[in-house]
Amino acid sequence: MAYVVRKAQSTLVPCANGTDPQWKRAVELVLENTIGPESSHRPKVNVKMLYDDTGIAGLFHVDDRYVVGRTTGDQQMVCRDSCVEFFVHPDGDPRYYNFEMSCTGNLLLYHITDCRKNIYEQMPQQELDGIVRKSTLPRRIDP
């Protein structure tokens, strides 16, 4: 699936919701595909993305009544939490980046050469520290 990321009209300001006027320019995408075991549970997920001269910003909105956020930091198995995931494939690079973010803002980030052969590089914490993350939820959710 291809998605058009528009350029922001001014420098992006990190925020945890879409009320900031900068997001009116972004194309909204409703996610309908899931990965993993078949389940009838399908939370409503919308995403918007923008970029500026300093980077890219994503805004995910998930409507779900079953929410778990047990990870306590980056590069943990956030796939066991309520999470979102997206892939970025830079032009001219045969590899791609896999971003997985928990509902509480913890991030798992890999630079993948071949996922079928498990050829990937886990990005260093120093790189993750430069990624601003905001969540409307507490740092831990363990019902």
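1. A pocket, as the word is used in this note, is an open set of grid points with protein on both sides within 12 Å along at least five of seven lines, and its lining residues have an atom within 4 Å of a point. The model under discussion is predicted.

2. In that sense, the second largest pocket is lined by Phe 87, Tyr 96, Tyr 110, Ile 112, Cys 115, Asn 118 and Tyr 120. Its volume is about 160 Å³. By residue class the lining comprises 6 nonpolar residues and 1 polar residue, with no charged residue.

3. Two of the lining residues, Tyr 110 and Tyr 120, also form an aromatic pair. Their ring centres are 4.6 Å apart with the planes at 65°, so the arrangement is edge-to-face; the angle required for that class is over 60 degrees. Tyr 110 belongs to strand 7 and Tyr 120 to strand 8 (residues 119-122), so the pair ties together parts that are 10 residues apart in sequence.

4. The accessibility of these two tyrosines should be noted separately. Tyr 110 has a relative accessible area of 15% and is therefore buried, the limit for that class being under 20%. Tyr 120, at 45% relative accessibility, is partly exposed.

5. Which aromatic residues form one cluster? The members are Phe 60, Phe 86, Tyr 97 and Phe 99. Within this group, Tyr 97 and Phe 99 make a tilted pair, with 6.4 Å from centre to centre and 45° between the planes. Tyr 97 is partly exposed, its relative accessible area being 23%, whereas Phe 99 is buried at 18%.

6. Is His 111 buried or exposed? With a relative accessibility of 5%, His 111 counts as buried, because buried means under 20% relative accessible area.

7. The surroundings of His 111 can be described as follows. Its side chain makes a polar contact with the side chain of Arg 95, at 3.4 Å. When residues up to four places away in sequence are not counted, His 111 touches Asp 93, Arg 95, Tyr 96, Tyr 97, Tyr 120, Glu 121 and Met 123. Among these neighbours, Tyr 96 and Tyr 120 also line the second largest pocket, while Tyr 97 belongs to the aromatic cluster described above.

Conventions:
Residues are numbered from 1 along each chain as its sequence is written. This is a predicted model: local features need pLDDT of at least 70, side-chain atom pairs count only at pLDDT 80 or more; totals for chains, interfaces and linings use all residues. Side-chain values use heavy atoms; hydrogens and water are left out. Buried means under 20% relative accessible area, exposed over 50%, partly exposed in between (1.4 Å probe, protein chains only). A polar contact is a pair of N or O atoms within 3.5 Å; within protein, one must be able to donate a hydrogen and the other to accept it, and residues adjacent in sequence count only if both atoms are side-chain atoms. Contact means heavy atoms within 4.5 Å. Rings of Phe, Tyr and Trp (its six-membered ring) pair if their centres lie within 6.5 Å; planes under 30 degrees apart count as stacked, over 60 as edge-to-face and the rest as tilted. Helices (H or I, at least four residues) and strands (E, at least two) are DSSP runs, numbered from the N terminus. On a 1 Å grid over the protein atoms alone, a cavity is a set of points where a 1.4 Å probe fits but cannot get out, and a pocket is an open set with protein on both sides within 12 Å along at least five of seven lines; lining residues have an atom within 4 Å of a point. Grid points are joined across faces, edges and corners, and a volume is the space filled by probe spheres set on the points. Ala, Val, Leu, Ile, Met, Phe, Trp, Tyr, Cys and Pro count as nonpolar, Asp, Glu, Lys and Arg as charged, and the others, Gly among them, as polar.
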